Amino acid sequence: MAYYLIDYENVRIHGLDGLSTLSEHDRVCIFYSENADSLTFDLHFILNEAKAKISYQKVEIGTKNALDFQLSSYLGYLIYKHRDDKNTEYFIVTADGGFSVLVNYWNKEGVIVKIVIDCTGRDENAEKEKLYADIENLIQDRADVPVTAEIIQRCRSKQEVHNALIKELKDSEKAGSIYRAIKPLLADKQGRV
């Protein structure tokens with residue numbers, strides 16, 4: 001059995017990629033807040049067709065990282081509840097690196113907890129390494145790779161990526177050059193620039 005705890009505020013619909021591949025033994029819990037509480041019809045159909053049991057946790061917001069704290073607490077509850085079942089795996093579906101401390105703690109305790117970017121189980125670190133390699137192949141200055149990767153991961157639209165590059169690099173000509181070079185990596189982003 002596997003539990004997928006979805007940080008929907010962070011990953012939105014993309015975090016549910018691979019949901020159709022999960023079995024009836026798997027469990028998915030979607031943590032959402034008023035900041036991210038809408039579904040498309042396509043997502044609604046995907047959720048209805050899923051074999052895995054799906055539950056929802058509406059997060060009470062009002063403090064920084066409220067969703068993270070509530071998801072972390074729920075993970076601890078699940079681990080305690082299934083403490084005698086050594087085959088249960090836990091996946092936190094997020095792009096938020098802050099959960100790595102939680103993962104390290106539980107892994108040291110002998111509990112399998114992983115951070116993944118969606119329900120396919122893809123590893124965030126492997127995806128990040130691939131993104132870094134892709135960016136290195138596209139831009140001249142290697143010093144700009146980390147900031148460019150962080151911007152691509154954080155921003156949801158092409159316009160947001162473009163604006164963030166200008167703001168971070170403080171050089172609109174250089175930002176424009178980098179943006180044009182990385183544009184093939186932004187196919188999944190909304191809008192156009």
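This is a predicted model: local features need pLDDT of at least 70, side-chain atom pairs count only at pLDDT 80 or more; totals for chains, interfaces and linings use all residues.
Residues are numbered from 1 along each chain as its sequence is written, and side-chain values use heavy atoms, with hydrogens and water left out.

The chain contains eight helices and five strands, where helices (H or I, at least four residues) and strands (E, at least two) are DSSP runs numbered from the N terminus. In sequence order these elements follow the pattern β-α-β-α-β-α-β-α-β-α-α-α-α. The C-alpha trace spans about 55 × 40 × 35 Å along its principal axes. Of the 193 residues in the chain, 39% are buried; buried denotes under 20% relative accessible area, exposed over 50%, and partly exposed the range in between (1.4 Å probe, protein chains only). Among contacts (heavy atoms within 4.5 Å) between residues at least 6 apart in sequence, 64% join residues at least 24 apart.

Five salt bridges were found in a search of the whole structure, a salt bridge being a side-chain nitrogen of Lys or Arg within 4 Å of a carboxyl oxygen of Asp or Glu. One of them joins the side chains of Lys130 and Asp134, with an N to O distance of 2.9 Å. Both residues belong to helix α5 (residues 124-136) and lie four residues apart, about one turn of the helix. Lys130 is partly exposed at a relative accessible area of 49%, and Asp134 is also partly exposed, at 22%. In helix α6, Arg154 and Glu150 form a salt bridge of 2.7 Å, N to O; these two residues are likewise four residues apart, a separation of about one helical turn. Relative accessibility is 40% for Arg154 and 35% for Glu150, and each is thus classed as partly exposed.

A salt bridge between the side chains of Lys174 and Asp144 (2.9 Å, N to O) links distant parts of the chain, Lys174 lying in helix α8 (residues 172-182) and Asp144 in the loop between α5 and α6 (145-154), 30 residues apart. Lys174 is partly exposed at 31% relative accessibility, whereas Asp144 is buried at 7%. Asp141, Asp144 and Lys174 are linked in a network of salt bridges.

Helix α7 (residues 158-169) packs against α8 at an angle of about 140 degrees, with the axes 8 Å apart. Here axes are lines fitted to C-alpha atoms, for helices over the stretch in contact, and angles run from 0 to 180 degrees between N-to-C directions. From α7, the contact is made by Lys158, Val161, His162, Leu165, Ile166 and Leu169, and from α8 by Ser172, Ala175, Ile178, Tyr179 and Ile182. These contact residues comprise eight nonpolar, two polar and one charged, where Ala, Val, Leu, Ile, Met, Phe, Trp, Tyr, Cys and Pro count as nonpolar, Asp, Glu, Lys and Arg as charged, and the others, Gly among them, as polar.

Ser33 is located in the loop between β2 (27-32) and α2 (41-49) and is buried, with a relative accessible area of 0%. When residues up to four places away in sequence are not counted, Ser33 touches Glu9, Val59 and Ile61. With Glu9, the contact includes a side-chain to side-chain polar contact of 2.3 Å. A polar contact is a pair of N or O atoms within 3.5 Å; within protein, one must be able to donate a hydrogen and the other to accept it, and residues adjacent in sequence count only if both atoms are side-chain atoms.
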